Amino acid sequence: MNLTLKVWRQKNDKSTGQFVTIQANNIADDMSFLEMLDIVNDDLTRKGEDPIYFDHDCREGICGMCSLVINGRPHGPNQGTTTCQLHMRSFHDGQTIVIEPWRAAAFPVLKDLAVDRTAFDRIQQAGGYVNVNTGGVPDANAIPIPKRIADEAFESATCIGCGACVAACKNASAMLFVSAKVSQFALLPQGQTERYERAQAMVDQMDAEGFGNCTNTGACEAECPVGIKLTNIARLNREYLTAKIFRQEDVHA
Amino acid sequence: MSSKSKPLFSSSLGKKLIMSLTGLFLCSFLVIHLIGNLQLFKNDEGYAFNNYAYFMTHFAPIKVVSYLLYASIIIHAVYALILTTKNKAARPIGYNQSAGNENSKWNSRNMGILGTIILVFLATHMQNFWYQYKFGTTPYIEYNTEVATGNRQTISSDELPATYDGVKIFENNGVETVQTKDLYKQVAYTFQNPFIVLLYVVAMAALAFHLIHGFQSAFQTIGFNHRRYIGFVKSVGIWVFGVIIPIAFAAMPLYFFFKGL
Ligand code: HEM
Ligand code: SF4
Ligand code: FES
C-alpha cells in the first residue's frame, strides 16, 4: 500500500519544528509501523536526506523505548500495543497518517519524533527502588505473599515506562506511571520499610519535573500499552495522603 | 531516598485533595438545598417556603455553614484556576491531531468550562435571590391562619411595611399570624424572565455533566476505590448528582415560568 505521512521534523531541542509530508510507497500489511519508517528512512538516506529520527529498541513490546502519537493516539489506534507491535494492516491504502512526538514540557523533543524521557528516570531515582543489604540468597518462600497480592504487584510492575500515559493525558500528567511504580512496592512486604517515604519522594520529583495534575479522565489507562489500571492512581493518592497526614513523623519529613 | 519532602498543599496531589473536598462539600449542600426548595412546589402561597427561607437565613449554625459554603465555592474555583494553569503549562505545544472521545469522556476533559458556566450561574443566582432577600426590595406577605380549621387568609404588598423587622409569628384569638418577606413571590417573579429561566436550565445541564465526572473523580482523588463500595459511589454520581438533582432544580424555573404564562 501507499501512504502519505505527515511527520514532525525538528532539527534539535533548540529549533522549532514543523510537519513535513513524506510518501511511503510499497508498504506491506505485515510490516510493523517501525519497519514502515525504516523503509521510508532507507529511501530518504538514498536520496541523501536526513532520515526520520525515532526511538526504538527491543521491537517486541517490552522495553518501552518506542513512542509516536499516530493520528492523535499514542502508540497508534490499537489497544494494548506498543508502536513496534502495531502492524500496517491497521491502516489502509491511500491513508494519511499524522505522526507526532510525545508532547509534554517534561519530555522535550530531542530531534524529530524522539523525546527526552529522563524525567521518568529521575522519578525512579527519587524512590522507585528498595534498599537491601546484599547477602546470601534468601529462601524463595521465606516471605509468604498471598497470590492475589503478588499478582496485583506484578501487574503494576509490568509498566514499561514508555510515557504514553503522559502523551495521552490532556494535562500531560505522569500519575499512571508514578502510581504503577509506587504500587509495585507498596503492595509487597519488601517495600514496606520505605513505603511512605517513597510515595512522597516520587510525587515531589514528579511535580518538580513539570508534569500536570490528574483530572481522572482515564485517557492514560485507555492508551497504556500494557494495561496499567486507574486503581493504581487511587492507591498512589492513598499512599501519599496517608504519608502526609498520618505518617509524617515516621518518615522524618 | 530523600527524607525531606514538600508540604502537602504545595504538591499536585494536595491541591487535588482541596478540589475534591470542597467539591464534595458543595455536593452535600446541593442535597440540602434541593430538599428545602422542593417546598416551592407546595400550593400554599409560599407559606412553607418563606418560613424555611427565614429559618435558613437566621439560624446561627446554618449561618456558619453558609459561610463555609461561600468559602468552598471560592476555594474550589481558585484551585480550579491554579490547576488548569499548571496543566496548560505542562503541554506548551499541543497536538495536531487529537484522540477526542476515543480515550476519554468530553465532560472529564472540560471540567473547567463546565465549572465556569456554574460560576456564572452562581453569581446570577446570588444576585437574584440572596442579595434581594438580604439587601434588596423584597415583597411582603402576612399569613393569617385559623389554627382550628387551617383556613388561611393572606395580605401581601410589593413593599415591606416600615415597621417590618424580621419575621413575626404570633397567635391571637386562635388565629396564627406570620408576617415575613415574600421570597416565594420574588422567585415566581424572577422566573417570568425567559432568559433567566434559560440560564438556569443550561447551568443545571452543566452541573449534571460536571458532577457525572466530578463526584466519582473526587473519591478517586482521596484514594477511595474500595471494590465493594465504588460501584455504589459511581451510581450515586450518575443518578443522584447527574440526573435527579439537576432535573429537580431545573424544574423550578420551568414550573414558575409556565405557571405564570
Ligand atoms: C455547585 C458547584 C460545584 C460542585 C458541586 C463541584 C464539584 C466538583 C467535584 C466533586 C469535582 C471533582 C474533584 C476531584 O476530582 O478531585 C470537581 C472538579 C472540578 N471542578 Fe467543580 N464543582 C462546582 C463548581 C465549580 C466551579 C464554579 C468551577 C470553576 C470555576 C469548578 C471547576 C472544577 C474543575 C476545573 C474541576 C476539575 C479539577 C481537576 O480534576 O483537576 N467547579 N468539581
Ligand atoms: S503506565 Fe503504561 S503508558 Fe504509562 S509509562 Fe507505564 S506502560 Fe507506558
Ligand atoms: S521498541 Fe521496545 S517496546 Fe517498542
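In chain B, strands E1 and E2 form a hairpin with five residues between them, and Gly150(B) in the turn has a positive phi of about 80°. The model before us is predicted, so local features are given only at pLDDT of at least 70 and side-chain atom pairs only at pLDDT 80 or more, whereas totals for chains, interfaces and linings use all residues. Residues are numbered from 1 along each chain as written, chains are lettered from A and ligands numbered from 1 in written order, and side-chain values use heavy atoms, without hydrogens or water.

Strands here are DSSP runs of type E with at least two residues, helices are runs of H or I with at least four, and both are numbered from the N terminus. Two strands pair if DSSP finds at least two bridges between them. E1(B), residues 140–146, and E2(B), residues 152–157, pair in the antiparallel sense over six bridges. Within this pairing, Thr145(B) has Arg152(B) as its bridge partner. E1(B) also pairs with strand E4 of chain B, residues 175–181, again in the antiparallel sense, over seven bridges. There, Asn144(B) stands opposite Thr177(B). Six of the seven residues of E1(B) are buried, so this strand is largely enclosed by the rest of the structure. Buried means under 20% relative accessible area, exposed over 50%, and partly exposed in between, with a 1.4 Å probe and protein chains only.

For chain B as a whole, the secondary structure comes to eight helices and four strands. From the N terminus on, the elements run α-α-α-α-α-β-β-β-β-α-α-α. Of the 261 residues in chain B, 44% are buried.

Next, the metal site. Which residues of chain B coordinate the iron atom of ligand 1? They are His76(B) and His210(B), each through NE2, at 2.0 Å. The pair links distant parts of the chain, with His76(B) in helix H3 (residues 60–89) and His210(B) in helix H7 (residues 194–221), 134 residues apart. Both histidines are buried. Donors are N, O and S atoms within 2.8 Å of the metal (3.2 Å for Na, K and Ca), and water is not among the atoms, so sites may look incomplete.

I turn to the interface. Contact means heavy atoms within 4.5 Å, and the contact takes 42 residues from chain B and 60 residues from chain A. The buried area, which is the accessible area (1.4 Å probe) that two parts lose on being put together, summed over both, is about 4100 Å² between the chains, with 50% from carbon and sulfur atoms. Met1(B), Leu13(B) and Tyr95(B) supply 19% of the area that chain B buries against chain A, more than any other three residues. A salt bridge is a side-chain nitrogen of Lys or Arg within 4 Å of a carboxyl oxygen of Asp or Glu, and the rule finds one across this interface. Arg73(A) and Glu102(B) meet in a salt bridge at 2.8 Å, N to O.

Finally, chain A. Ile70(A) stands opposite Arg73(A) in E4(A). Chain A has an open sheet of five strands in the order E2-E1-E5-E3-E4, with mixed pairing. E2(A) and E4(A) stand at the edges, each with a single partner strand, so one side of each is left without a neighbour in the sheet.
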